[in-house]
Amino acid sequence: MPPTPPPDAAAPGDVPGFTADELLTWSGLATLLEWLPAALDAQLGAAAGVTHFEFGVLFALGAADEGSLRMSVLAGHANSSLTRLSRAVTRLEQRGWVRRAPDPGDGRYTLAILTDLGRTEVERATPGHVATVRRLVLEPLTGAQRRQLQGIVQRILTTTGPAGAWRPPGGGAGTSGGAGSSGAAVP
């Protein structure tokens, strides 16, 4: 007598390897992972001419002491390779929003420094970004659902990335949030 399949086992016609419940969960998350970054990029592109990733870089620098971080630390905050970060910082430098300088404490490192113009631009773009995140992600959920989502996200992050991912200063109070498609430092 063959073993009894679990109650949520794949039914005929289901994608091999996923149960019906797994497929419903995964396909919803995968769709969200495609649609949400595109929506955030569209809003920030129209408002400030930057991608969500670039805004996250500006946001992380704005939250840092003196608006300055070592590129290697910033890459960790942005969940990015140094190569990807360097390309983004180059684009932001061309706009006069960020500059690079040797770290005066250790010249082997390079600092990314938010300029006054960059600070002005991130402050100008933040209200629209926060409104978009609220409209698309936060307002459709109850407080209890937001707390559940926080727990779910943290659990998945522990299986997908290195320990020590960027966390909002002060636990997130007064910030636009963290992580993104484009990374944990990305509000």
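Helices here are DSSP runs of H or I with at least four residues, strands are DSSP runs of E with at least two, and both are numbered from the N terminus. With that in mind, helix 1 (20-48) and helix 6 (143-160) each supply at least two residues of a nonpolar patch, which is described below. The structure is a predicted model, in which local features need pLDDT of at least 70 and side-chain atom pairs count only at pLDDT 80 or more, while totals for chains, interfaces and linings use all residues. Residues are numbered from 1 along each chain as its sequence is written, and side-chain values use heavy atoms, with hydrogens and water left out.

**Confidence**

- The predictor's confidence in each residue is given as pLDDT, from 0 to 100; the chain has a mean pLDDT of 86, and 78% of its residues reach 70 or more.
- Over residues 172-186 pLDDT stays under 50, and for this stretch the model has 43 contacts beyond four places in sequence, a contact being heavy atoms within 4.5 Å.
- Where pLDDT is low, the predicted coordinates should not be read in detail.

**The nonpolar patch**

- Patches are made of residues with over 30% relative accessible area and no salt bridge, like charges being joined within 9 Å and nonpolar side chains (Val, Leu, Ile, Met, Phe, Trp, Tyr) within 5 Å; accessible areas come from the Shrake-Rupley method with a 1.4 Å probe, and for residues only the protein chains shown count as cover.
- A nonpolar surface patch of about 820 Å² is made by Phe-18, Trp-26, Leu-29, Leu-32, Leu-33, Leu-149, Ile-152, Val-153, Ile-156 and Leu-157, and its largest share, five residues, comes from helix 6.
- Leu-33 lies in helix 1 and is partly exposed because its relative accessible area is 48%, where buried means under 20%, exposed over 50% and partly exposed in between (1.4 Å probe, protein chains only).

**Salt bridges**

- A salt bridge is a side-chain nitrogen of Lys or Arg within 4 Å of a carboxyl oxygen of Asp or Glu, and by this rule the count comes to five.
- One of them joins the side chains of Arg-91 and Glu-54 at 2.4 Å, N to O; this pair links distant parts of the chain, with Arg-91 in helix 4 (residues 82-94) and Glu-54 in helix 2 (residues 52-63), 37 residues apart.
- Within that pair, Arg-91 is partly exposed, with a relative accessible area of 38%, whereas Glu-54 counts as buried because its relative accessibility is 5%.
- The side chains of Arg-108 and Asp-106 also meet in a salt bridge, at 2.6 Å from N to O; Arg-108 counts as exposed at 71% relative accessibility, while Asp-106 counts as buried at 18%.
- Glu-121 and Arg-124 form a salt bridge of 2.5 Å, N to O, between their side chains, and both residues lie in helix 5, three residues apart, about one turn of the helix.

- Thr-132 lies in helix 5 (residues 116-138) and counts as buried because its relative accessibility is 7%; leaving aside neighbours within four places in sequence, Thr-132 is in contact with Leu-40 and Gln-43.
- Val-73 lies in helix 3 (residues 71-77) and counts as partly exposed at 36% relative accessibility; its C-alpha atom is separated by 9.8 Å from that of Ala-112, a residue 39 residues apart from Val-73 along the chain.
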